[in-house]
Amino acid sequence: MQGRRNFLKLAAGATVGGVAATLPGTVQAKSCGEISWSETVDTLVVGSGFAGLSAALNVKRQGLGSVLVLEKMQVIGGNSAINGGWLAIPKNPTQLAQGINDDSPEELIKDQIISGRGMHNEAALRQIANHALDAYELCIDTGVKFKKDFNIQVGGHNKARAIRTQHGTGGDITTKLYEAGVKEGVDYRLQHYIEDFIMDGQQIIGVKVRKNYRFPDLKTGSSVFIKANKAVILANGGFARNMALREVVDPSLDPTLDCTNALGATGEVTLTAMAHGALPVHMNLIQTGHWGSPDEGGFGWSNALLSIGWHQGAAISVLNGKRFMDERADRKTCSEAIMKNRYQDGSPAYPIVLFNYNNYAEDHRVTRAIRDKMAWKLDSLDDVAAQFNIPASELKRSISEYNTHVNARKDPLFNRKMDTAEVLTGPFVVSRIWPKVHYCMGGLKTDLAARVIDGRSMAPIKNLYAIGEVTGGIHGEARLSSTSCLECLAMGIVVSTTIKADLKGAV
Amino acid sequence: MNKLLLTALLSFVVSQGAVAGELVKMKGSTKGRVNHEFIYQDGCQSCHQGSGKKNATDAACVECHGDINSIDVDETKLAIPEADPHKSLHYNQGASCLACHGEHEKKAPVCAECHRTWFEEM
């Protein structure tokens, strides 16, 4: 295709408008004249996580012509490939086999309305929930395997409806969707970074893309223009890894907070869409988890390990050897308490969580954490004090005091619920903690059919669609576990029917 | 030409019993892998799409080594059986060679972003 060049003359002033003035070095200079397209496709998908992979396969199956997926990283799957592989599906076969017959999309929406705290979009949640079984079928159809007989109730859901992939990772889904797409003729390219959109007034007609890009160096690779005849689908995920942006929209998100997301979750395509008029909503609604460990990357094992730690153990500050919070309080309360632990220069003094080893020696949460050196088995409080540089006498005094509170089933210090707390005698499992940023509820405003809304006209930008975490305003204040995978897969199906309908309308 | 490369490579593997080469000074200040030494004699273009100024892609790797699922990994060296980077639960066929391998420098594989104790720089 190298020799094939398409030329397009843009009407003077039709493109980018005033926005380009703030984006030096972008397409403005060229768009006054002719654009030499290096290739042309029918549908172009940006990003290769659950949303992008689902959209690409479903658009291909709609028979709308060629589909090209652009991924900036060196692997397919984005953050989805490393996620936990949870999927909320009301009326899934395992749930029905468990005798749970009273679940429905409406039941799921009810739960999401509670966690959305008035900021959610009920109609959008309904659009997604009503496609849950279709999303499940898409998985089964492409060869995704789920854990046998596994269907449980996860946080904030009123029923057991979450299934999990065979290996407990979203990679079980992304690899299958990708391989199905390859088989059915979807074209995928790694290391393609979107530099800009090419607009013809209120319509997107292609992208400027840096090919052979090596994350994160923007000097690598070279720029080409790819024309998209029918649609551009943004499926580029969230921006939880964009430290500058997340701190601008939520100043409480300290730069010392690591992130559960893959490194590529930096959101520059979201910003490019905004620069071309796409309306951002709820950008400051960013979910953090207080269960992160600084001794592992990504989401890791810490969350699971701490489900023992918060209940049966204690959290201790390394600064003074004392407890400092109600370990069973909610995410926000705990995050704020944890982040107060700092050295004089402001750097994190990662608190420790410890619990008794013997009762949990064979528990997978413990064996994996110790194997991967994000938690340690230590025999005595002296060993704990030495390893984490805690004043030993203070630590011993705190644990002794804590044990009297456990026996009394009353915590006068922080009023923690002590029903599950154990007297700490050692040997201990010890890990370090610090909150991590997890999910962006905010992003681009779309209509129910995934069309991106222009904030100036409040009308869809022609041929531009967005699905998955890049969109905003759907979940509201907080997203429930196992609903993002569902959203991405379901909206990949929805967007394919939208594009087909829009093309019919255009004829 | 390809056949020549393949023959040279095979004879190297058989004689040395190694798959990933040591990183040594190759040309001027450029470092490279000893098992690729014979390629350097041809200049940079065999990997760099005709010009040393252009970034290499997977094509050159695949030409000699085959695709990711056809390259065996020594299972005795894996921290746990699931840690086979060529049959990754997260990426499987959807990973570029370059995600984990560097020719001119030591590089940690993409897996090490999360699994920090399973994989070392290569």
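Q: What makes A:Glu195 and A:Arg210 a salt bridge?
A: In this predicted model, their side chains come to 3.1 Å, N to O. The cut-off is within 4 Å for a Lys or Arg nitrogen and an Asp or Glu carboxyl oxygen, so the pair qualifies. A:Glu195 belongs to strand β8 (residues 192–200) of chain A and A:Arg210 to strand β9 (residues 203–211) of chain A, 15 residues apart.

Q: What makes A:Glu107 and A:Lys159 a salt bridge, and which parts of chain A does the pair tie together?
A: The distance is 3.2 Å, N to O, and the limit is within 4 Å, so this pair counts too. A:Glu107 sits in helix α4 (residues 105–116) of chain A, while A:Lys159 is in the loop between α6 (132–142) and β6 (162–164) of chain A, so parts 52 residues apart in sequence are tied together.

Q: Are A:Glu107 and A:Lys159 buried or exposed?
A: A:Glu107 has 14% relative accessibility and A:Lys159 has a relative accessible area of 12%. Buried means under 20%, so both residues are buried.

Q: Why is A:Asp447 called partly exposed?
A: Its relative accessibility is 22%. Buried means under 20% and exposed over 50%, so this value falls in between. A:Arg451 is also partly exposed, at 22%, and A:Asp447 forms a salt bridge with A:Arg451, with the closest N and O atoms 2.9 Å apart. Elsewhere, shared partners join A:Asp102, A:Glu107, A:Lys110 and A:Lys159 into one network of salt bridges.

Q: How do you know that strand β15 of chain A is largely enclosed?
A: Five of the five residues of β15(A) (residues 352–356) are buried, so the rest of the structure largely encloses this strand.

Q: What makes β14(A) and β15(A) paired strands?
A: Three antiparallel bridges join β15(A) to β14 (residues 314–316) of chain A, and at least two are needed, so they pair. A:Ala314 has A:Leu354 as its bridge partner. β15(A) also runs antiparallel to β17 (residues 428–432) of chain A, with five bridges; there A:Phe355 stands opposite A:Val429.

Q: Why do β11 and β13 of chain A count as edge strands?
A: The open sheet has the order β11-β18-β13 (chain A), with mixed pairing. β11 (258–259) and β13 (286–289) of chain A each have a single partner strand, so one side of each lacks a neighbour in the sheet.

Technical notes
Residues are numbered from 1 along each chain as its sequence is written. Chains are lettered from A and ligands numbered from 1 in the order in which they are written. This is a predicted model: local features need pLDDT of at least 70, side-chain atom pairs count only at pLDDT 80 or more; totals for chains, interfaces and linings use all residues. Side-chain values use heavy atoms; hydrogens and water are left out. Helices (H or I, at least four residues) and strands (E, at least two) are DSSP runs, numbered from the N terminus. Buried means under 20% relative accessible area, exposed over 50%, partly exposed in between (1.4 Å probe, protein chains only).
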